[in-house]
Amino acid sequence: MARRVFITGAGVISSLGDSPAKLHTALCEGRAGLRQIELFSTEGLGCHLGGEIASFSPNNYLGERNFRPLDRTSQLVAATAQMALDDSGWTVEMRSQNEVGLVLGTMFCSVHTISQFDRRALVAGPAYASPMDFSNTVINAAAGQTAIWHNLRGVNSTIAAGSVSGLQAIIYATELIRTGRAKAILAGGADELCFESFYGFNRAELLCGSNHSPGDFPIPFDQKRNGFALGEGAALLMLEDAESAAERGAHVLAEISGQGSGFDPSRGADRRKSIATIARAIRLALDDAHVKADEVDCLSMSANGSVQADRNEAEAAALVFGARAGTIPVTAIKSMLGETLGASGAMQTISLVEAVRDRTLPGINRLDTVEENFPLAKASPEKQKLDLSNGLINSIGFDGGCCSMVLTSCA
Amino acid sequence: MQTRVVVSGIGTVTSIGTGCEPFWNNLLAGRCGIAPVGSFDTSSYSVHRGAEVKDFDGKAYVSKLDCDSIGRASQFAIAAARLALADANLDLSMLDPERVGVTIGTTSGEPQMIERFDDAAESGALNTVGPEFMRFYPCHVIAAHVASELDLEGINVTIPAACAAGNYAIAHAFDVLRSGRSDLMLAGGSDSFSRITYTGFARLGAIAPEVCQPFDRNRKGMVPGEGAGILVLEPLERAIARGARIYAEVAGYGLSCDAHHMTAAHPLGPARAMEKALEETCTKPEQISYISAHGTGTPTNDLIETIAVKRVFKDAAYRTPISSIKSMLGHTMGAASAIEAAVCALAIFHSRVPPTMNLQEPDPECDLDYVPNRSREHEVNIAMNNAYAFGGNNASLILRKIEA
């Protein structure tokens, strides 16, 4: 009998609030965390909108300490980890006696830190580049820094799979617990909003407004969608082996019951292949969870306003769920958070954990008119009441990667 | 009965040879790939040497993707993957592509892409940076490019666990195969020579001016390098069924985190990774017949590593050959532990262990058997591959001989 994996705590810092409950409330109220970016200048770029965390200060979470060794991404992760550790009851004493792991999904960790380090050496000469900043140029820097901060001596791993990184990290951590290699792992993801990645996505014409059509809000599945908004944040869940969670009397929020992933080698060029790959990841997750397609009561979609990817995801859901796809409640929280890249899958997971608790699923903000034959008839801008037993979370990348996970209520 | 996972193919791109056989022969011969840096101007640095892969021709391996567009680490990874598949005598068309996955470790991903961005930004020409930056820069493209080139549809993950990344990637592939989620995995690591990495290690004062001499009393540091190592991993039963040549079995692994310092190692973390690997594989320290050291050549690493090995192995530490191939290849970053895992498999298969080169004067504090300067005939039944990284990420992998 395989070990079961429970979620026993969560932490999140997002443009919509700095706790799972605040995030959920904002999502259900249809508040968007998207506004004119202030972190850097967007002058001359087609898009000016981002899901920026206003006035983030690590002191609020970690006390008055020297944060100089940590860049913004590491600060976000260390602060979020504090929240998830507190929420799950993993005290300093417990951490000194037991190994807690950390698996962080990220697309860039900090391309801003990397670029600044390189540019300083370019301008002033290599002798002026900062050794301390160098240690933050590695892509596992945030995971390493957070482990130091919180004394997390277990498995420490960083997972990169583009915008799928966060969900893939949770899947990876789940696997480590199932195989008995770890009892408790903080798993999730993070990415910061910075000029370098924003510039890149804008030049790739993936942002709403960057492809020279009117720069509206990103509206998943809407006819008018023309790209996503870039967001930022960190989200971590405490995952624990079910038996050891029970032994220590942990409060259980939900179970991660199944997972699946796939890769489309055409990376979107072959539409049918893309759809089939997403559908396969969903089916693998359902099989792994021993959940039948008609036992799924809600879908947390990866859709972020991208023209092709949103359509592919909806069609994949139709392939798996058939006519029932039109009756399953659907949400797409990137309509409000933007595309938070490595954090996104973990944000979706936390959102669904909250939906279980509050029996309410957020709507898809600003959704107005869907395309003809759009299969997900329950997609709506309004929140809806829901008794959730099994929720499906999708995470779909820009370039071929995708994964799905089944979250099961423990109530 | 748990699935047993074996290494049935090896592909390497290194400064001392591309392809398993030339690489292995040069390694045993003690050839050194360290030379003046050619890929960028080092005149403003106080050090000038690196272990670059000269004369690498990506076009010889990259056919489906546009070789000129993708980054050097992706090209290395694709080359190593193709070489590994050829070495494994595998025809991918015989496999279900949905059940073939890719896990690749890296330190820097495709650093030339951000270096180009920075050059453009500093020269006021950022507008020359186009959509290719986002398409080819993020580090996950390495595993994605391998899968795209080879049409593989299984699990696809890049693990940027810095200098221990190769071991992390192999470890993850091992778990994926054991859980039955794949029939075959291409697992390893890849990194390309990078200005950013070179600058950073130079600023840490970690780069040796001339040679890399791990465990020597006068060792002066590491030497940045580049390359890739990819292993074909598959379940033992499938390998036997197709009559594959099996180099070794991947027996298990251990991961740990120092939670101590970003760049300064601590012996307890590495020791815990070794202990976990031993425990998982039910191996006693005295049963290990070869250790592939992390062995970067920095004064601290080699000392801390020696202390950690002694802590775990006790008296057996003195009887176990341990060598650092970084003395020849330099530090190939995320590729290093993948190439070193390949070396463990080859040492098991050929009953020969590679030397630690440039070890002239023993360090009284590093007093183990480092196989100095000459490869050695030595029956290797069980090998341990150790790797340590920035962020205190430690990974120990255990490979063993498949009984005939």
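Predicted model: local features only at pLDDT ≥ 70, side-chain atom pairs only at ≥ 80, totals over all residues.
1. Overall build of chain A. The secondary structure of chain A comes to 14 helices and 15 strands, and its C-alpha atoms fill a box of roughly 60 × 55 × 40 Å when this is taken along the principal axes. For 411 residues a compact globule would have a radius of gyration near 22 Å, and the 20 Å found for chain A agrees with that. Of these 411 residues, 66% count as buried. As for contacts in chain A between residues at least 6 apart in sequence, 78% of them join residues at least 24 apart.

2. The ten-stranded sheet. Ten strands of chain A form an open sheet with mixed pairing, and their order is β5-β4-β6-β8-β1-β9-β15-β14-β10-β11. The edge strands are β5 (156-159) and β11 (330-331) of chain A, each of which pairs on one side only. Within this sheet, strand β6 (residues 184-191) of chain A and strand β8 (residues 233-241) of chain A pair in the antiparallel sense over eight bridges, and A:I185 stands opposite A:L239 in β8(A).

3. Strand β1 of chain A. Strand β1(A), residues 5-14, is largely enclosed by the rest of the structure, because ten of its ten residues are buried. With β8(A), strand β1(A) pairs in the antiparallel sense over nine bridges, and in β8(A) the bridge partner of A:A10 is A:L237. Strand β9 (residues 254-263) of chain A also runs antiparallel to β1(A), joined to it by three bridges; here A:V5 has A:I256 in β9(A) as its bridge partner.

4. A helix across the sheet. Helix α7 (residues 141-150) of chain A lies across β4 (101-105), β5 and β6 of chain A, and runs at about 150° to β4(A).

5. The three-stranded sheet. Chain A has an open sheet of three strands in the order β2-β3-β7, again with mixed pairing. Its edge strands, each pairing on one side only, are β2 (35-36) and β7 (230-231) of chain A. Strand β3 (residues 49-51) of chain A and β7(A) pair in the parallel sense over two bridges, with A:G50 standing opposite A:L230 in β7(A).

6. The contact between the chains. In the model, 60 residues of chain B are in contact with 60 residues of chain A.

7. Helix α5 (residues 111-124) of chain A packs with α7(B) at an angle of about 70°, and their axes are 10 Å apart. The angle makes α5(A) roughly perpendicular to α7(B). The residues that meet are A:I114, A:F117, A:D118 and A:A121 in α5(A) and B:R195, B:I196 and B:T199 in α7(B); by class, this contact has four nonpolar, one polar and two charged residues.

8. The surroundings of α7(B). Which parts of the two chains do the buried residues of α7(B) pack against? They pack against α5 and α6 (131-135) of chain A, together with β4 (49-50) and α3 of chain B. Helix α7(B) is mostly covered, as nine of its nine residues are buried, among them B:R195, B:Y198, B:F201 and B:R203. The helix is followed by B:G205, whose phi is positive, near 65°.

9. Residue B:S351. The place of B:S351 is in the loop between α12 (336-350) and β12 (352-353) of chain B. With 14 C-beta neighbours inside 10 Å, B:S351 counts as partly exposed. If its neighbours within four places in sequence are left aside, B:S351 is in contact with B:E377, B:H378, B:E379 and B:V380. The C-alpha atom of B:S351 is separated by 21 Å from that of B:A84, a residue 267 residues apart from it along the chain.

Notes: Residues numbered from 1 in each chain as written. Chains lettered and ligands numbered in written order. Helix = DSSP H or I, 4+ residues; strand = E, 2+ residues; numbered from the N terminus. Rg over C-alpha atoms; globule rule 2.2 N^0.38 Å. Buried ≥ 20, exposed ≤ 12 C-beta atoms within 10 Å, placed from the backbone. Contact = placed C-beta atoms within 7 Å. Axes fitted to C-alpha atoms, helices over the stretch in contact; angles between N-to-C directions. Parallel < 35°, antiparallel > 145°, perpendicular 65-115°, else oblique. Nonpolar A, V, L, I, M, F, W, Y, C, P; charged D, E, K, R; others polar. Pairing = 2+ DSSP bridges.
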